[in-house]
Every structure is written in C-alpha cells, then in structure tokens.
Amino acid sequence: MSVAEYRKKFADIAHGSRLDEEDEVVLCGRVASAPREASKKLFFTHIQAQGQRVQVLSEVAFYEADKDAFASLHRSLRQGDAVAVRGFPGSSKKGELSIVPRAIKVLAPCLEDIPSGRGDGKFGLRDKGVRYRNRHLDLLANGQAVAAPFQVRAQVMRFLRDYFHQRNFLEVETPTLVPSAGGALARPFKTRAVALDNAEVSLRIAPELYLKQLVVGGIDRVFELGKVFRNEGVSAVHNPEFTTLELYQAFADYEDLMAMTEDLFANLDIQIGDDARAAAAIGEHLGGDGLGLSSEDLRGPFARLPVLEGLEDHYNLPRGSFPDVNDETQVQQVGDALLDLLRRDDAGLTDVQRSDSHSVASNCKLVDTLIGRHLEPKCHRPTFLCDHPIAMSPLAKAHPDRPGLSQRFELFVRGKEIVNAYTELNDPAEQLRRFQLQTQGRDALRPQDRPGSSSGTTTDDDDDDEDVMPVDAAYCKALEYGLPPTAGWGLGVDRLVMMLTGRSSIRDVIAFPMLAPTTLTSSENSTSSEDENP
C-alpha cells in the first residue's frame, strides 16, 4: 500500500485509537526526520513517499521484532533512510494519523547528511547551483516544493495529448536530426553524420516544415509533442533544449486558432488549475510567486493588441505611420528610422551609428526589439499580440484586409510568450521569395550595433548570423502539390508550466536543465547563494 492510499483509507480514524485487529499493512518510504525519543519505549518519526507523509508511532508494546534492539534501531535511523514499516493503523492523542509498527526494516541507508536549511525548519536547500546540479539532493531536502512542478508538468502533457486526440488530431513524430534546420528563426546545434559521408546535420529547431508536408499529403489535423533545440541563450526563461507542442489544422485560419486557444486554456483550468495553484502556493519559499495563474487569467476572452498599433500608440505616432519593414526599396531609411526610435528609449544607444548595410531581416530584428521592450511587458494578463508585418513572419499568410500585415498572433502571459500561431502561407513561389529575402543582408547590423550588445568582438558565429531562416527547397517543392488553407500553432510547454506553478525560472520546471560547466567545490555547499545563472 502506498502512503497516499493509506492516508485516504484511514483518514477518519479516531483520536488515540489503535486498529491492531486490522489487517497488517506495509508502507515503504524515506525517513523524513530523525526519530524523536519520548522514552526508551516510545519513538516518533515520519516516513514520506510521492509527496505524502505519515507518522510512525513506535511503541515497544506492539513491536514484534527484536525488542532488545527496539531503542537502538530507532536511534540509528537517519533522515533519508529508505525503510519498510510493517504494522497497523493508529492515531496519536492529538489526532495525527499514524502507523504503529510491528517491525521496521532499513532497505537502503542514507550515508550523507541532507541539508537542514537556514533554521526556518521548512526548506533545507536554497543554493541554486547545488539544487539544479544535484536534483536528487534538491528533492530530498525540499520535497514537494520541488516535485510539484514536475507533477503538474506531467498533468499538462497528458491534458494536451487528450485535448487534441479528442479533436481528431493525429500525433506523429518527425526527425530530430535534420539536414537543414528550418521552421523558425534560430541558430541550430550542428554535427556531422559519419554514416552519411560526414554530411552536416542539425538538431531540429522546429518540426514545422515536416508537419506541413503531412498536411499536403492529406493528414488534415496533425500535432507533435516533443523536444526542440536552439543554440542560443540560457536564462531564467530560456533553455537550449525545450518542449513544444506544434499542430496544423487544414481548412482553418488564425482566428479559429485564437478561439481554440481560449477554449484550451479554459479546459486546462477546469482539469488541473487547482493542482497547479496548490503547487504555486508551496513554491514561494524557493523563489516562486506563490500564485500561479488564476481562473480569471485562464478563462477568455483574451485581449488583442495589433503590434504596429501598439508601437504607434507608445511613440505617439499617427496611425499607419510606423516605419514599413516590408519596403524593400527604402531599407536604409527604415533601418535608420527604427534606430532613431531605439535612441528615444535608451540613452546608452546614442552612440549607435547609422548603418549603410541595413536589410529587411535586420530591420525586423529591430522591430522585434521594440515589441519586446514596450508591448510584451504590458501583457500581464493573457494577451494576443497579433497582425505582425509580413517580413517578420516568413511562413505566415498575408492578412486579407490589412495590407502589409500577416495573419499571425502570439499569446503572452505575464510578459512571456506562450503560443505562436498563424495562417500558413501556401503559395510556393511567394514562399521561396520570402526565404530568399530572409537570407539577404546577413549580419547587416554589426554585433556592436545590435540593441543590447555589450561587446564589439566579432566571432565566427556572429558572421554566420544563423538565426535567419534558410531556404528549404524541399518544402517549397512540397507546396507545389497544394497545401490547403491551413493554420499552425505552437505552444511552449516549459513556460506554460512556469506560469501555472508560479515559478520564476524555467530550471524549476525542467528536471535536469542545461547549466554552465563548473567544478564542484566546497563553496557550493553554502546555502546563501541565490545565483540565477549557476
């Protein structure tokens, strides 16, 4: 019997009672704390398993094993020992559910001390460098406060699969190692395949182009839930290896997916919202906000904010006057105008010089910077940022009623992107043209001129500027067979779990996040560090 099953079955036991006539049970778990000795004939401790604990009320009168070793056995138990307790249900005089043992067997001793914390008696390990590099120790020391986000994550994964299976989506797996990393604007991890004449291959940055080929082939509703990899920054909201759910639905557009997103989040709240908020409540001592997402947050309709209108409002510009990044004939003027807007915001950018090598791609990066500074932080409640310029969305279809804009939206919650979606471009000639446009003018902004750059050092990676989407000829060829009107949708699972459980770092919702290399030293045993970049 598990500890959770035991607690449920005997929850109503009377105070001070002993059910010694009940069938014996065996509970297995870890000793939660060193036993407290009331006398040589009475000891109290707790065992825990799967986030549940129960008191062990040891009385020599009921102990059937070696009574002479009763006291010495209990005195030898250490926090973290794995034990099996054979006994019967009971309750303390204060009414705490207990098991009264007839025998206790140590299954595996814990030979190391588990950190006891800063004296608050609640959470035993705060040093993030130690916690993230030694997750086993983190779980032993901090218990359910660490385990709860992983449990909610499993619920979220199960919910997502069930939600889309019920709506007749087919789940598939597409390649992780790919000859050309497309489907997103990101730098891939690269290696070489010895079995393929040492050909260069990459870890995928998105499954998009493969999934859309399946739609071309007649699978009208398809999704994949899995890992993608991007050779970019590591931060509180970025991990190079992360989990996404990506789907495509034929004969739908981005308006349909906005409605679907609102419905999905409402159902998510119904099914796991309470568990997620409970997980948030116990994470505050480890840096969480203690809140998570409320039912009000998760129930739509969500606000909508067209990105160019939002930027025009921020800068007090007339409607329709924002620099047009789609204009291939005024690239230099548009780039300089965007840099002027950046200078309004940041005195540290006053020394950025006008460039004679702007490109459509580099101008799009500048607009994305402005969106990140001025619009995303306003999206505390769930908000659709929508209708991006076409040049910023090379795989998205043009808006039928708003020239120059795309049928695209991003869902932001508490300033973080959770969903990216759009109506898919299905014109093969236009798709090829956009791919080619993306590759023009690479490295148009020198590294020292890029917003937020702290160094003028140029590296090979800077020269490559690989966060530009490459031309994918095979995908363009597939489009020639006819991609029906289709909408695509991608969800960042890790960030969603962060929001639901109120955690401030993506490392708290990934069991083993990527960390900078380090040499373990005695200083890592300190519990005083709160370093966010261990």
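Helices (H or I, at least four residues) and strands (E, at least two) are DSSP runs, numbered from the N terminus. This is a predicted model, so to speak: local features need pLDDT of at least 70, side-chain atom pairs count only at pLDDT 80 or more, and totals for chains, interfaces and linings use all residues. Residues are numbered from 1 along each chain as its sequence is written, and side-chain values use heavy atoms, with hydrogens and water left out.

**View 1. Gln50 sits in the loop between strands E3 and E4.** Gln50 is not a glycine, yet its phi is positive, near 55°. With 72% relative accessibility, Gln50 counts as exposed (over 50% relative accessible area; under 20% is buried and in between is partly exposed, with a 1.4 Å probe and protein chains only).

**View 2. Asp387 is another non-glycine residue with a positive phi, this one near 60°.** Look for Asp387 in the loop that runs between strand E14 (383-386) and strand E15 (408-413). Its relative accessibility is 6%, so Asp387 counts as buried. For background, most residues other than glycine have a negative phi, and most peptide bonds are trans.

**View 3. A cis peptide bond links Gly300 to Pro301.** Omega is near 0° here. Pro301 belongs to the loop between helix H8 (295-298) and strand E13 (303-306).

**View 4. Helix H5 (residues 144-165) packs on helix H15 (residues 493-501).** The angle is about 125° and the axes are 10 Å apart (axes are lines fitted to C-alpha atoms, for helices over the stretch in contact, and angles run from 0 to 180 degrees between N-to-C directions). That makes H5 oblique to H15 (angles under 35 degrees count as roughly parallel, over 145 as roughly antiparallel, 65 to 115 as roughly perpendicular and the rest as oblique). On the H5 side, the contact includes Pro149, Val152 and Arg153, and on the H15 side Val493, Asp494 and Leu496 are among the residues (contact means heavy atoms within 4.5 Å).

**View 5. Helix H9 (residues 307-315) crosses helix H11 (residues 360-374) at roughly 70°.** Their axes come within 11 Å, and H9 and H11 are therefore roughly perpendicular to each other. Val307, Leu311, His314 and Tyr315 of H9 meet Val367, Leu370, Ile371 and His374 of H11.
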